[in-house]
Amino acid sequence: MKLFLLTLAFVAIAMLLLVLYALTHRGRVGQHTSANPEMRRRGVGCVQSQDREARRKSLKQ
């Protein structure tokens with residue numbers, strides 16, 4: 001029973017920290033390629049977007 005309560009407390013603290021992190025970092029720019037203005041300026045795109053674009057080009061030929 002002690003192990004269960006300890007685990008439950010650990011999970012509760014982790015969830016609380018996750019919520020606090022989400023609330024405090026809401027307005028920041030993400031590090032994902034598509035959300036980063038510098039990467040877009042350099043022409044670097046998301047792998048999924050590049051794959052989708054390449055598939056469209058191959059279907060047109």
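**Entry 1**

I looked up glutamate 53 and found it partly exposed, at 46% relative accessibility. The classes I use are buried for under 20% relative accessible area, exposed for over 50%, and partly exposed in between, with a 1.4 Å probe and protein chains only. I note that this is a predicted model, in which local features need pLDDT of at least 70 and side-chain atom pairs count only at pLDDT 80 or more, while totals for chains, interfaces and linings use all residues. Residues are numbered from 1 along each chain as its sequence is written, and side-chain values use heavy atoms, with hydrogens and water left out.

Which side chain does glutamate 53 meet in a salt bridge? I found the side chain of lysine 57, at 4.0 Å from N to O. A salt bridge here is a side-chain nitrogen of Lys or Arg within 4 Å of a carboxyl oxygen of Asp or Glu. Lysine 57 is exposed, with a relative accessible area of 52%. The two residues, lysine 57 and glutamate 53, are four residues apart in helix 3, which means about one helical turn between them.

**Entry 2: the other salt bridges**

I counted four salt bridges by this rule. In general, side chains of opposite charge can pair when their charged atoms come close.

Arginine 55 and aspartate 51 form one of them, at 2.9 Å from N to O. They too lie four residues apart in helix 3, and about one helical turn separates arginine 55 from aspartate 51. I checked their cover: arginine 55 is exposed at 53% relative accessibility, and aspartate 51 is partly exposed at 38%.

Glutamate 38 and arginine 42 also meet through their side chains, at 2.9 Å from N to O. Glutamate 38 is partly exposed at 33% relative accessibility, while arginine 42 is exposed at 59%. I also noted a network of salt bridges that links Glu38, Arg41 and Arg42.

**Entry 3: helices**

How many helices and strands does the protein chain have? I read off three helices and zero strands, in the order α-α-α along the sequence. Helices (H or I, at least four residues) and strands (E, at least two) are DSSP runs, numbered from the N terminus.

Helix 3 covers residues 47-60, which is 14 residues. From its first C-alpha to its last, helix 3 reaches 20 Å, close to the 20 Å expected at 1.5 Å a residue. That expected span is 1.5 Å times one less than the number of residues in the helix.

**Entry 4: overall form**

I compared the radius of gyration with that of a compact globule. For 61 residues the globule would have a value near 10 Å, but the protein chain has 21 Å. The radius is taken over C-alpha atoms, and the globule rule is 2.2 Å times the number of residues to the power 0.38. The C-alpha atoms fill a box of roughly 65 × 25 × 15 Å along the principal axes.

Of the 61 residues, 3% count as buried. The accessible surface comes to about 6,100 Å², and 64% of that area belongs to carbon and sulfur atoms. These areas come from the Shrake-Rupley method with a 1.4 Å probe, and for residues only the protein chains shown count as cover.

I took two distances, C-alpha to C-alpha. Leucine 17 and alanine 35 are 18 residues apart in sequence and 24 Å apart in space. Leucine 17 lies in helix 1, residues 2-24, and is exposed at 53% relative accessibility.

**Entry 5: a surface patch**

I found a nonpolar patch on the surface, formed by Met1, Phe4, Leu5 and Leu8, with about 480 Å² of accessible area together. Patches are made of residues with over 30% relative accessible area and no salt bridge; like charges are joined within 9 Å, and nonpolar side chains (Val, Leu, Ile, Met, Phe, Trp, Tyr) within 5 Å. Methionine 1 sits in the segment before helix 1 and is exposed, with a relative accessible area of 73%.

**Entry 6: confidence**

Last, I looked up pLDDT, the predictor's confidence in each residue, from 0 to 100. The mean for the protein chain is 85, and 92% of its residues reach 70 or more. Where is confidence lowest, and where is it highest? It is lowest in helix 2 (residues 37-41), at a mean of 82, and highest in helix 1, at 95. Where pLDDT is low, the predicted coordinates should not be read in detail.
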